[in-house]
Amino acid sequence: MKLAFKIAVRFLKSNKGQTILIALGIAVGVSVQIFIGSLIQGLQKDLVDSTIGNSSQITITSDSNDSVISNYDEKVKTIKNTDNRIKNISVAADGPALTRSDKKDYSLLIRGLNIDSANDIYDINKRIYEGKKPKGNGEVLIGKVLKEELNADLNETIDVVTNSGKTKEIKIVGFFDLGVATINESWMITTLETAQNLFEFNDDITSIEMQVEEVFQADVIANKIKDTLGENIKITNWKAQNEELLSGLNGQSISSIMIQVFVIISVVLGIASVLAITVIQKSKQLGILKAMGIKDKTASLIFLFEGLLLGIIGAILGVALGLFISYMFTQFAVNPDGSPVVALYIDPIFIVISTFIAIAAAVIAALIPARRSSKLSPIEVIRNG
């Protein structure tokens, strides 16, 4: 084996131009694979973050007639112990309401939240662009669009009519922008206690919201929670509510895999064809080596080692080139504000897998010339050489 490795290195050094050409071919293939893969993964991550990154990924509501959840503290503890992939969890007391301005009625969703825990999901603190978060009873935040519709000012009091027909007075202490027009137009965010008082929920809530570490496992985690909590609850997850988004993400993944497969096939064919020619070029040397006693197995190993070495060199160059292309893409493909159109996303596991695939492909490509070299007859080669 050691002899085969030394001969393989000598063969590669004897034709440096050809060796560099093959290594560059592998490098280009690997760089395309890493660039396309990183681009698709970055695009998918941006899409997921923009759609569900600051929202509830699993939501639990009551399936009973009164639509409220009692003893929610115990349920929250049970949920936390159900799966360690649940990272953020918050409770909410929601209710519909109306308010009037300039003889026009506006439909509202008053959301009573534990602001500190809800901030982990909705990033409320950073979304308040004026004023402060509600603390006292009757204090609310309203969205940017609703502020403009009502022409509201800080510390202004407005009347809201709850679904029970009662009129309540609330005080606006801040304005938020969650980046979604429908939310900015209809949501009023307040404390949990304020909402419970407004809608007479006592100490009950209407929903439990959470985010998970592995967003694409949200449906699996939701099913585990449902099995644990039992009946009288309804669980929804973002995958069930965003089927079109999931279809688009799956389409992107499939197209990315297809591109990478065809790149690998082209790399394999290129290496195999060049090494097959190398067998012909080196046939005289191989014939002499066999006449001196080298075994067929050793002759085969020479080309397998060539494929391995070419794969390693090409993969290393390809990873460096792929990362460079990905970085340059984020520098030139930018939005008007200077941010990249698609953020650079580097997945070390994906890069390692791509590297091993390239090396394995190079070794597989060397099997054909390796087998051909083992069948060379030293007598015929020397006679025809």
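Colleague: Which element gives the most to the lining of the largest pocket?

Modeller: In this predicted model, helix H2 gives the most, with 6 residues. Strand E9 (207-212) and helix H11 (243-281) also give two or more residues to that lining.

Colleague: What makes residues count as lining the largest pocket, and which are the closest to its centre?

Modeller: A lining residue has an atom within 4 Å of a point of the pocket. The largest pocket has 21 such residues, and Gln44, Lys45, Val48, Val215 and Phe216 are the closest to its centre. The space in this pocket is about 520 Å³. By class, its lining has 7 nonpolar, 8 polar and 6 charged residues.

Colleague: Why is the space lined by Phe35, Ser38 and Leu39, among others, called a cavity?

Modeller: A cavity is a set of points where a 1.4 Å probe fits but cannot get out, whereas a pocket is an open set. The space lined by residues including Phe35, Ser326, Phe329 and Tyr345 is the largest cavity, so a probe in that space cannot get out. The volume of the largest cavity is about 60 Å³. Helices H2 and H13 (296-332) each supply at least two residues of its lining.

Colleague: What makes a set of residues a nonpolar core, and which residues have the most contacts inside the largest one?

Modeller: The members must be buried and joined through side-chain atoms within 4.5 Å. The largest core has 48 residues, and Ile60, Met188, Ile208 and Met210 have the most contacts inside it. Ile60 is a member, so its relative accessible area is under 20%. Strand E2 (residues 86-101) gives the most to this core, with 5 residues. A second, separate core has 18 residues, including Val30, Ile34, Val263 and Ala272.

Colleague: How do you know that Asn71 is exposed?

Modeller: Exposed means over 50% relative accessible area. Asn71 has 54%, so Asn71 is exposed. It sits in the loop between strand E1 (58-62) and helix H3 (72-82).

Colleague: Why is Asn202 called exposed?

Modeller: The relative accessible area of Asn202 is 66%, which is over 50%, so Asn202 is exposed. Asn202 has a positive phi of about 60° and lies in the loop between helix H8 (192-198) and strand E9.

Key:
Residues are numbered from 1 along each chain as its sequence is written. This is a predicted model: local features need pLDDT of at least 70, side-chain atom pairs count only at pLDDT 80 or more; totals for chains, interfaces and linings use all residues. Side-chain values use heavy atoms; hydrogens and water are left out. On a 1 Å grid over the protein atoms alone, a cavity is a set of points where a 1.4 Å probe fits but cannot get out, and a pocket is an open set with protein on both sides within 12 Å along at least five of seven lines; lining residues have an atom within 4 Å of a point. Grid points are joined across faces, edges and corners, and a volume is the space filled by probe spheres set on the points. Helices (H or I, at least four residues) and strands (E, at least two) are DSSP runs, numbered from the N terminus. Ala, Val, Leu, Ile, Met, Phe, Trp, Tyr, Cys and Pro count as nonpolar, Asp, Glu, Lys and Arg as charged, and the others, Gly among them, as polar. Buried means under 20% relative accessible area, exposed over 50%, partly exposed in between (1.4 Å probe, protein chains only).
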